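Please read this briefing with the chain open in a viewer.

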Amino acid sequence: MRAELAVIGLLLLAWPARAAPQKLPLPQAPGEQTLQFGDASLTIAMPAPESHDSIRITASALDTKPVTLSLDHDPEAHEFPPDISVAEMDSSNTTPEFFISRFSGGAHCCAMVQILDLVAGQWRIVDGGGWDGSEIIPQDADGDGEEEIVHGDDRFLYLFSCYACAGTPVQVFKLVEGALADVTMSPLFRGLDEKDLPDFKQGCADHDNGACAAYVAVASRLGRHDEAWRFMLEHYNRESNWGLSECFATHSGKCAAEVDYPSYPDALAAFLARINAAEPSLP
Ligand SMILES: [Ca+2]
Ligand SMILES: [Ca+2]
């Protein structure tokens, strides 16, 4: 038994398990380069600027089936190069993961994320969703040596106040065997909420209804819902009607039912109930 454990430990250490994510350089276009990380390698091929060929990113390792991610390249469009990092996100294998984040362009939208992950001898492309902002870099939010996607919950944006007015409660996603799991509610990440709470509370004290929403949501996760709700009732902006009516759309985007809430606390209670009931999912 002791000998088996020693072998497993050795395999896990084959890739420096506690390395921070490391941004990788792109080759000059046109050109190709291969980078080696323990057993795994990554080949990045950049097309000629004037061609319509895609950017190709290939992950491979000895005795595994490689995978190639193709990213669109349009010489006529104003486009952004991908940001590629090597990170340790999935401990179910002994290889690192390759994290690709690319800005789609446009106001406030989006960093498109894909991750190359080795699952049962086969490299896979994991769709990591589209996130508000220009770039996502994974980070180790609980200090266990593995990186997670840590980002504000975009469902709070614009909801009860303007885009840049209030912060958003944090969401955490962990990569496990080729799938991203929402682990936000794990007690391991309550430290992030404790850190955010004073800012949200201050924003709420300043009568920002977006900040009050974030404050109540985060305080509830910390077991302090009643105290936060009372604080919100004392401080929310009664003049604002931002977010007091909303439209529940059909799949085609057509407004199926318009709902008007009599007050901000009613709208907030409905919103919090809805996000708590929602299946965790990527943006
Ligand atoms: Ca790994
Ligand atoms: Ca971690």
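Pro30 sits in the loop that links strand S1 (22-24) to strand S2 (31-37); helices (H or I, at least four residues) and strands (E, at least two) are DSSP runs, numbered from the N terminus. The peptide bond leading from Ala29 into Pro30 is cis, and its omega is near -5°. This is a predicted model, in which local features need pLDDT of at least 70 and side-chain atom pairs count only at pLDDT 80 or more, while totals for chains, interfaces and linings use all residues. Residues are numbered from 1 along each chain as its sequence is written, and chains are lettered from A and ligands numbered from 1 in the order in which they are written.

**Loops with positive phi**

- Ala120 is not a glycine, yet its phi is positive, at about 50°.
- Ala120 belongs to the loop between strand S8 (111-119) and strand S9 (122-131).
- Ala120 is exposed because 11 other C-beta atoms lie within 10 Å; the classes are buried for 20 or more other C-beta atoms within 10 Å of a residue's own, exposed for 12 or fewer, and partly exposed in between, with C-beta atoms placed from the backbone.
- Glu177, another residue other than glycine, has a positive phi near 45°.
- Glu177 lies in the loop between strand S11 (170-176) and strand S12 (179-182).
- Glu177 has 15 C-beta neighbours inside 10 Å, so this residue counts as partly exposed.

**The open sheet**

- Four strands make an open sheet in the order S2-S3-S4-S5, with antiparallel pairing; two strands pair if DSSP finds at least two bridges between them.
- S2 and strand S5 (67-71) are at the edges with a single partner strand each, so one side of each has no neighbour in the sheet.
- From one strand to the next, the twist averages 15°.
- Strand S4 (residues 55-61) pairs with S5 in the antiparallel sense through five bridges.
- Ala59 is placed opposite Val67 in S5.

**Strand S6 and its partners**

- Of the five residues in strand S6 (residues 83-87), four are buried, which leaves the strand mostly covered.
- S1 and S6 are paired in the antiparallel sense over three bridges.
- Gln22 is opposite Val86 in S6.
- S6 is also joined to strand S7 (residues 97-103) by five bridges, and these two run antiparallel.
- Ser85 has Phe99 in S7 as its bridge partner.

**Helices H3 and H4**

- Helix H3 (residues 209-221) and helix H4 (residues 225-235) have axes that come within 8 Å and cross at roughly 165°; axes are lines fitted to C-alpha atoms, for helices over the stretch in contact, and angles run from 0 to 180 degrees between N-to-C directions.
- H3 is therefore roughly antiparallel to H4 (under 35 degrees is roughly parallel, over 145 roughly antiparallel, 65 to 115 roughly perpendicular, and the rest oblique).
- Residues of H3 that meet H4 include Cys212, Tyr215 and Val216, and their counterparts in H4 include Ala228, Trp229 and Met232; contact requires C-beta atoms, placed from the backbone, within 7 Å.

**Arg230**

- Arg230 is part of helix H4.
- Arg230 counts as exposed because it has 10 C-beta neighbours inside 10 Å.
- The C-alpha atoms of Arg230 and His73 are separated by 52 Å, and the two residues are 157 residues apart along the chain.

Notes
Contact = placed C-beta atoms within 7 Å.
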